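Here is a briefing for a reader who is new to this structure. Take a look at the model, then go through the points by topic.

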Amino acid sequence: MLKIICALGFLAWSFGTSLSYAQPVTVAVASNLKPAFEEIYKSFRQTHPQGKIVRIVYGSSGNLASQMKQGAPYDLFISADESYPLKLAEAGLTRDRGVVYAAGHLALIANSAAGFVLNSDPESIKALLRGSKKIAIANPDLAPYGRSSVQYLQAMKLWGELQERLIFAENISIAAVYVSTGAVKVGITALSLAKSSELSPTIQYIALPDDLYAPIRQRMVLKRDPAPTAVTLYEYLQGPVAKQILVHNGYSIPQ
């Protein structure tokens, strides 16, 4: 009888554990991170079977944060900056203030078929931008990389001259796609996207100097009562495998 009770108890514990891992898990991810996160998530699933139940939503950090405020069931929010996660924390919507998992960088990109020659000389960059009819960047009101792009143009003393030619995309990925497809010949995007295998056949790029815009410190936070799988993924993103993938994709890792 005791063996039967113990066996039933073990089955109940196993069933409860399976249910906890089977909770629907939704992760909100800033668009700049898509190529790197797809690699990280693939690696995560290889060692964590519960990763199969994760649903991923990509978008601008501003939109994702707004959706979370309105009740979107995002267990984990992986932002392109610090301000949006910290505002959610101040509103009491997260478990804590989260962690900075990476630092991002800007890149100037041009459609390969446009015939431009990119180099890092500031005067050459100015000439290229001044000669462009349209320039794609992410919407600075929604996307941290868009905000950094504006800072870069201001530092280069080009903002007043070029702002009427700017095409604002909803997020940084869309800005990159505008250039990749040739809809716009030149743009400013995340270095991580410029380096991606999806864009490399159709664009050329150069990294822009980090000292011409504020550091892009990317923070992630868990919601107040996250599913166990989200917590596991959050911890995995801070581990050596994820860090290696992030560096390979053009990010820096905070010390």
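Two strands pair if DSSP finds at least two bridges between them. With that in hand, Ile-137 stands opposite Phe-168 in strand 7. The model is predicted. The chain holds 11 helices and 10 strands.

**Overall picture**

- The C-alpha atoms fill a box of roughly 85 × 35 × 35 Å, taken along the principal axes.
- The chain has 255 residues, and buried residues make up 51% of them.
- Take the contacts in the chain with a separation of 6 or more: residues 24 or more positions apart account for 79% of these.

**The sheet with strand order 7-6-8-5-9**

- This open sheet has 5 strands in the order 7-6-8-5-9, and its pairing is mixed.
- Strand 7 (166-169) and strand 9 (203-207) are the edge strands, and each pairs on one side only.
- From one strand to the next, the twist averages 30 degrees.
- Strand 6 (residues 135-138) and strand 7 run parallel, joined by 4 bridges.
- Helix 5 (residues 122-130) packs on this sheet. Helix 5 touches strand 5 (106-111), strand 6, strand 8 (186-190) and strand 9. The direction of helix 5 makes about 50 degrees with that of strand 5.

**The sheet with strand order 2-1-3-10-4**

- Another open sheet of 5 strands has the order 2-1-3-10-4, again with mixed pairing.
- Its edge strands are strand 2 (54-59) and strand 4 (99-104), each of which pairs on one side only.
- Here the twist averages 20 degrees from one strand to the next.
- Strand 4 pairs with strand 10 (residues 216-222) in the antiparallel sense, over 5 bridges.
- Val-100 has Arg-219 in strand 10 as its bridge partner.
- As a general point, strands of a sheet pair through backbone hydrogen bonds, either parallel or antiparallel.

**Helix 2 against helix 11**

- The axes of helix 2 (residues 34-47) and helix 11 (residues 240-248) come within 9 Å and cross at roughly 155 degrees.
- Angles over 145 degrees count as roughly antiparallel, so helix 2 is roughly antiparallel to helix 11.
- The crossing of helix 2 past helix 11 is right-handed.
- Helix 2 brings Ala-36, Glu-39, Ile-40 and Ser-43 to the contact. These meet Val-241, Ala-242, Ile-245, Leu-246 and His-248 in helix 11.
- The residues of the contact of helix 2 with helix 11 divide into 6 nonpolar, 2 polar and 1 charged.

**Gly-104, in strand 4**

- Gly-104 lies in strand 4.
- Is Gly-104 buried or exposed? Gly-104 counts as buried, because its relative accessibility is 4% and the cut-off for buried is under 20%.
- Leaving aside neighbours within four places in sequence, Gly-104 is in contact with Tyr-145, Ile-216, Gln-218 and Tyr-251.
- Gly-104 and Leu-191 are 87 residues apart in sequence, yet 7.4 Å apart in space, C-alpha to C-alpha.

**Tyr-205, in strand 9**

- Tyr-205 has its place in strand 9.
- Tyr-205 counts as partly exposed, at 34% relative accessibility.
- Not counting residues up to four places away in sequence, Tyr-205 touches Ala-107, Leu-108, Ile-109, Leu-118, Leu-191, Ala-194 and Lys-195.
- Tyr-205 and Leu-191 are 14 residues apart along the chain, and 8.4 Å separates their C-alpha atoms.

**Two loop residues**

- Thr-202 sits in the loop between helix 9 (191-194) and strand 9.
- Thr-202 is partly exposed, with a relative accessible area of 28%.
- Which residues does Thr-202 touch, not counting residues up to four places away in sequence? They are Ala-110, Asn-111, Ser-112 and Ser-180.
- Thr-202 and Thr-229 are 27 residues apart in sequence and 37 Å apart in space, C-alpha to C-alpha.
- Lys-157 is in the loop between helix 6 (144-155) and helix 7 (159-162).
- Lys-157 is exposed, because its relative accessible area is 71% and exposed means over 50%.
- The phi of Lys-157 is near 60 degrees, a positive value in a residue other than glycine. Most residues other than glycine have a negative phi.

Definitions and conventions. Residues are numbered from 1 along each chain as its sequence is written. This is a predicted model: local features need pLDDT of at least 70, side-chain atom pairs count only at pLDDT 80 or more; totals for chains, interfaces and linings use all residues. Side-chain values use heavy atoms; hydrogens and water are left out. Axes are lines fitted to C-alpha atoms, for helices over the stretch in contact, and angles run from 0 to 180 degrees between N-to-C directions. Contact means heavy atoms within 4.5 Å. Angles under 35 degrees count as roughly parallel, over 145 as roughly antiparallel, 65 to 115 as roughly perpendicular and the rest as oblique. A crossing is left-handed if the near helix is turned anticlockwise from the far one by less than a right angle, and right-handed if clockwise. Ala, Val, Leu, Ile, Met, Phe, Trp, Tyr, Cys and Pro count as nonpolar, Asp, Glu, Lys and Arg as charged, and the others, Gly among them, as polar. Buried means under 20% relative accessible area, exposed over 50%, partly exposed in between (1.4 Å probe, protein chains only).
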